[in-house]
Amino acid sequence: MTKTLNDLALALDEAGLLCRVVGDLPATSISDIQYDSRQVQENTLFLCKGAHFSAQYLLDARSQGACAYLSARVYPEASDLPALVVSDIRRALAVTANWFFDAPWQDLHMMGVTGTKGKSTTVSMVKAIFDLAAEKAHEPLCGITSSLINYDGRVEKASKLTTPENIDLYRHLARARAAGLKHMVIEVSSQALKYHRVGGIHFDDAVFLNISPDHIGPIEHPTFEDYFASKLAIFDRTGRAFINLASDRLSELKEAAGHCPEVITFGGDGADYRADQVQSTDSGLTFRVRAGQEAIQVTLPMHGRFNVENALAALALAHQSGISLDTCAEALASVKMEGHMAYIHGADLTVVVDYAHNGISFKRVIETVRHDFPQAPVWLLFGAPGDKAESRRPDMGRVASREADYVILTADDPATEAVEAINAEIYRAFEKETPVQMIADRAQAIAYAIKEAPTGAVVLLLGKGFEVCQKINGKREPYAGDEQLAKAALQARES
């Protein structure tokens with residue numbers, strides 16, 4: 001179908017976003033929409049977005065063949081290019097993407113998962129269940145966008161953002177539709193909801209896992225209430241809501257979900273999907289799931305009792321979508337998550353690697369470890385990201401000082417901040433005189449922790465999971481990874 005800028009102007013005007021048109025819009029069909037000048041080709045509409053947008057990007061796009069630009073302001077430097085000037089660039093980008101890619105979400109079973117903790121694990125479980133059902137029915141696999149991977153039916157690749165920018169997300173959905181996919185599960189961040197990365201998309205199903213303070217700071221959410229409200233906005237665009245009855249702020253969660261035509265519950269007492277007989281094993285967890293009059297035994301090859309809630313959420317969504325409990329249990333029995341509650345056993349101590357990166361996740365990981373290793377001293381190694389989520393730091397410090405026997409503060413994506421300054425901020429929030437060591441280099445910190453930890457201890461390496469880079473001064477610097485470093489340190493300890 002021909003896509004002209006006049007058609008887009010009408011769509012933006014209907015959405016109440018178009019302020020004015022500058023210059024004469026070309027009648028030729030638009031070949032693409034891009035916000036990266038390096039990707040621009042002939043007849044591309046260039047999208048001027050971002051707090052640090054420079055007019056030079058627009059000039060580069062013009063030299064590459066851009067035929068016009070969309071922006072919240074006029075750029076005199078490119079006076080020869082026609083422009084669509086809008087009142088809200090983020091909303092306009094969502095309208096533009098929906099228009100250009102012909103609303104691909106309408107042709108997919110759209111599933112969204114949000115919450116403070118457990119999103120990436122839950123969407124991975126959802127994909128595993130839908131994939132197994134698809135294989136049995138000889139149908140295409142489930143598409144996904146998450147903080148770990150993206151899959152569009154043709155290509156699977158590592159992710160850069162929890163939820164892609166809306167242009168990238170719509171392109172992903174369009175490719176999934178073209179590949180014949182039927183189902184798409186999306187890990188939906190609070191930023192994606194607040195800044196319209198999922199703008200224009202209606203979810204058939206949306207899961208709300210839990211809520212606790214996170215991502216609060218000058219460049220993210222100014223307050224917890226803003227963060228929570230952003231999360232709850234998923235129910236403004238959802239047909240069927242799935243909510244965790246064990247979540248904090250449950251009354252507000254129920255009220256927001258109540259706007260949806262259907263609400264399914266999981267997790268807590270009286271839920272539609274609930275678990276009992278939970279047991280920890282060397283290889284993971286076993287538990288029974290009750291769904292109405294049905295019940296099934298589930299084996300999960302993952303540690304951490306909090307993962308029972310994640311599994312219930314995925315199972316509830318799949319079962320309500322027509323997948324049998326037997327298939328759900330079969331798929332969950334083979335789900336493995338790199339860097340999530342990975343137990344590495346040495347001769348005289350155990351190392352646990354996990355993505356936990358805030359106070360609530362720290363507490364849950366430590367509770368699991370205390371349950372599985374009731375007599376073990378707990379050594380906790382972690383850091384905090386720079387330039388964002390500053391509110392996490394005091395909470396992490398409080399939990400660490402209360403729950404751990406020994407703490408090592410180190411680097412975790414410091415960005416433009418000094419590791420020492422970040423760790424000092426964490427340390428100031430300590431509520432107990434817990435022994436602490438500060439080692440800025442994460443590899444050295446891991447080697448120290450595993451060498452010095454007493455016999456029988458559990459050493460927790462939290463924050464990085466399976467990541468193999470450190471974000472420093474705008475660059476992704478290579479990093480060996482917590483698991484690899486832990487194994488090397490264990491070998492050195494035992495030699």
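I take buried to mean under 20% relative accessible area, exposed over 50%, and partly exposed in between, with a 1.4 Å probe and protein chains only.

I am working from a predicted model, where local features need pLDDT of at least 70, side-chain atom pairs count only at pLDDT 80 or more, and totals for chains, interfaces and linings use all residues. Residues are numbered from 1 along each chain as its sequence is written, and side-chain values use heavy atoms, with hydrogens and water left out.

I found Lys 231 in helix H7, residues 224–232; helices (H or I, at least four residues) and strands (E, at least two) are DSSP runs, numbered from the N terminus. Lys 231 has a relative accessible area of 2%, so I note it as buried. Setting aside neighbours within four places in sequence, I list its contacts (heavy atoms within 4.5 Å) as including Thr 114, Lys 119, Ser 190 and Phe 208.

I then checked helix H11 (residues 359–372) against helix H12 (residues 392–403): the axes are 8 Å apart and the packing angle is about 20 degrees. Axes are lines fitted to C-alpha atoms, for helices over the stretch in contact, and angles run from 0 to 180 degrees between N-to-C directions. H11 and H12 are therefore roughly parallel (angles under 35 degrees; over 145 is roughly antiparallel, 65 to 115 roughly perpendicular, the rest oblique). From H11, Ile 360, Phe 362 and Ile 366 are among the residues that meet H12, whose side includes Met 396 and Val 399.

**Two positive phi values.** Asn 43, not a glycine, has a positive phi near 65 degrees. I place Asn 43 in the loop between strands S2 (32–34) and S3 (44–47), and it counts as partly exposed at 27% relative accessibility. Ala 415 also has a positive phi, about 55 degrees, without being a glycine. Ala 415 sits in the loop between strand S20 (406–409) and helix H13 (419–428) and counts as buried at 15% relative accessibility.
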